[in-house]
Amino acid sequence: MNVEYKYDENLLELKEFVNGDDIEFLITLHDSKLKEKIVKVREFFEENRVLTDIHYYIHPNNRYQVIVRKDYYNEFIIQLFRQQLVKELIWV
Amino acid sequence: MSTQAIIAIGVFLITYAFIVTEKIHRTIIAMAGGIMMVLLGIVGQEEALHHIDFNTLGLLTGMMIIVAITAETGLFKYIAIWAAKKVKGDPLKILVVLAIITALGSAFLDNVTTVLLMVPVTFSITRQLRVNPIPFLITEVIASNIGGTSTLIGDPPNIMLGSAVKELTFMAFINNLTAISFFILFVNIAILAFIYRKQLRTSSELKANLMDLDEKEEITDKTLLMKSLIALTVTILGFFLHQLLHIESATVALTGAFLLLLLTGEKYLDKAFLKVEWTTIFFFIGLFVLVSGLIETGVISLLADYSVHLTGGDVTSTSILILWVSAIASAFIDNIPFVATMIPMIKDMGELGINNLEPLWWSLSLGACLGGNGTLIGASANVIVAGLAAKEGHSITFGKFLLVAFPLMILSIIICTVYIYLRYLV
């Protein structure tokens, strides 16, 4: 099963597209206070000892590029939800 | 030869065979071998403890603590991205700069630690540029082993040598090995860059994306970074001055480590101690006791006697023999037990009439450290990187590595032969 998600557009902007075999997310935070939450998402994946599950790149002006391996897509969205960066999750 | 000596050789060879086959973890085997030496009465417990080199163990532990805490700051990711941007995101140039960073890191940190810090950021950069990470990983492994050769603290064989021979100080390693190591490094990088040049191409759009990265954001804790840099500076300064200050290298490393813990507080104590590779520390303890069995029963003296007889006590032939035997042996077996066996043997050669031991020590260091580049199993860093790469779906096979690395290792040893001959033997 896959997940579909909704987020608060006042807080952030989230774009998703295909990058080779992976899925790429471009996240722009409208509120700097949310940085801490996205760092926690990164830390979650850094602790699991898989090096290529997500690739996390920081760009200026609170823009984040995250390349997510297909088999970690659901986990990534769930972690965004856990940090309240995504406000609604639906299994489809 | 006494019965005790024959038993000691038996225990040593069985242990060595198990270490080479890697069927059981090397730490368990080395400790079992060491314990057997004591249980069979080859060495007493007090004698065994006397043979454990606590300077080597202290140096390793201290550096592991410093690195464990410093790694938390994001410093290594910052450096790698900063360097990649400095070369405008060009993959070929990134291969070169990451190799140089790895070599510099390995000169002051443990090789395995350095590659463990470099591999994640390498995957990250190569994924961003959509280039094959394998050329980068192979180059970094080779650079790590060469960089480790350049200082007393860079590679376990050097730590053991510096600890066993008073004259081989931190500055002695800098004066004798750093320049030649970096010369060999640049020759290796140039050849690897030429071999892999066609695989290292990317689009200008992806380069631009990399150039847009904000490396400063990678620093997660600026206060911790400052404290880590203070401790690292004190430690490195300490290594440069340890001979002048009449303190051992282990004291320097442990001072740095506990200064850092003093600055950071209890918060990092457990974390830092958890990251100390206790398996490596106990591997050393087992080996020291194992080799003590050979020393105490006179086997090492016999081997030294035989080697001197073989070379006629000539310094030139003995040096070249040690260099090449160390290199070939280290390409296939762990260089730590090899060096642990060779150190007392070379000391005995001194007592058997070879007056100038200096070229022999440097030959052993260069051979044992650079020999590790010969095969995928030649050094711990190689095995670790290959394992990580395979787990992530990028297989570095034994053959693939051998094809590239073995000729480079032979070339490195040829350069060392010329260096040893011209600098110490003419």
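This is a predicted model: local features need pLDDT of at least 70, side-chain atom pairs count only at pLDDT 80 or more; totals for chains, interfaces and linings use all residues.
Trainee: How many residues from each chain take part in the contact?

Mentor: Start with the count on each side. Here 19 residues come from chain A and 17 residues from chain B.

Trainee: What area is buried between chain B and chain A, and what share do carbon and sulfur atoms give?

Mentor: The buried area is about 1,600 Å², and carbon and sulfur atoms give 45% of that.

Trainee: How many salt bridges does the rule find across the interface of chain B and chain A?

Mentor: A pair counts if the side-chain nitrogen lies within 4 Å of the carboxyl oxygen. The rule finds six across this interface. One pair to look up is Lys77(B) with Glu46(A), whose side chains meet at 3.1 Å, N to O.

Trainee: Which elements give two or more residues to the side of chain B that touches chain A?

Mentor: They are helix 7 (111-129) and helix 20 (380-391) of chain B. Helix 7 gives the most, with six residues. By class, that side of chain B has nine charged, five nonpolar and three polar residues.

Trainee: Which residues touch the most other members of the largest nonpolar core?

Mentor: That core has 150 residues, and the ones in question are Leu59(B), Trp361(B), Leu364(B), Leu366(B) and Ile396(B). Leaving out residues up to four places away in sequence, Leu59(B) touches residues including Leu152(B), Ile159(B), Phe239(B) and Ala253(B). Another core lies apart from that one; its 26 residues include Leu12(A), Ile58(A), Val66(A) and Val86(A).

Definitions and conventions: Residues are numbered from 1 along each chain as its sequence is written. Chains are lettered from A and ligands numbered from 1 in the order in which they are written. Side-chain values use heavy atoms; hydrogens and water are left out. Contact means heavy atoms within 4.5 Å. Buried area is the accessible area (1.4 Å probe) that two parts lose on being put together, summed over both. Helices (H or I, at least four residues) and strands (E, at least two) are DSSP runs, numbered from the N terminus. Ala, Val, Leu, Ile, Met, Phe, Trp, Tyr, Cys and Pro count as nonpolar, Asp, Glu, Lys and Arg as charged, and the others, Gly among them, as polar. A nonpolar core is a set of buried Ala, Val, Leu, Ile, Met, Phe, Trp, Tyr and Cys residues joined through side-chain atoms within 4.5 Å. Buried means under 20% relative accessible area, exposed over 50%, partly exposed in between (1.4 Å probe, protein chains only).
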